[in-house]
Amino acid sequence: VIENILFTDIKEHFPLLSKFEAAVDSKKKLSAEDASLLSCMIVHSSDFGGSIKSFEICREWSNRVNAEFTHQYNT
């Protein structure tokens with residue numbers, strides 16, 4: 001779970017994409033590491049999906065994220 005969250009960082013985009021492409025190109029059976037990589041790729045892709053929502057939805061979620069970060073900071 002922690003690894004999935006860390007891969008939502010934009011600086012991890014190209015390293016994650018390279019790892020994923022290499023795993024797909026190898027055409028081997030999925031290992032536990034590959035399953036983790038796939039999980040990270042799904043979360044990373046989903047993270048980008050929020051930016052294509054309407055402005056009203058993006059603003060609402062931005063407010064929610066900011067409130068959550070503020071709450072975490074204050075506790």
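1. H44 touches F7, T8, D9, H13 and L16, leaving out residues up to four places away in sequence; contact means heavy atoms within 4.5 Å. H44 sits in helix α3, where helices (H or I, at least four residues) are DSSP runs numbered from the N terminus. With a relative accessible area of 3%, H44 is buried; buried means under 20% relative accessible area, exposed over 50%, and partly exposed in between (1.4 Å probe, protein chains only).

2. This is a predicted model, in which local features need pLDDT of at least 70 and side-chain atom pairs count only at pLDDT 80 or more, while totals for chains, interfaces and linings use all residues. Residues are numbered from 1 along each chain as its sequence is written, and side-chain values use heavy atoms, with hydrogens and water left out.

3. K19 belongs to helix α2 (residues 13-26) and is partly exposed at 48% relative accessibility. Beyond its neighbours within four places in sequence, K19 is in contact with F7 and L37. K19 and S62 are 43 residues apart in sequence and 30 Å apart in space, C-alpha to C-alpha.

4. L38 is part of helix α3 (residues 32-49) and is partly exposed, at a relative accessible area of 35%. Together with L30 and I42, L38 forms a nonpolar surface patch of about 290 Å² accessible area. Accessible areas come from the Shrake-Rupley method with a 1.4 Å probe.

5. The structure holds 0 disulfides, a disulfide being a pair of cysteine sulfur atoms within 2.5 Å. C40 is buried at 1% relative accessible area, whereas C58 is partly exposed at 26%.

Definitions and conventions. Patches are made of residues with over 30% relative accessible area and no salt bridge: like charges are joined within 9 Å, nonpolar side chains (Val, Leu, Ile, Met, Phe, Trp, Tyr) within 5 Å. A salt bridge is a side-chain nitrogen of Lys or Arg within 4 Å of a carboxyl oxygen of Asp or Glu. Helices (H or I, at least four residues) and strands (E, at least two) are DSSP runs, numbered from the N terminus.
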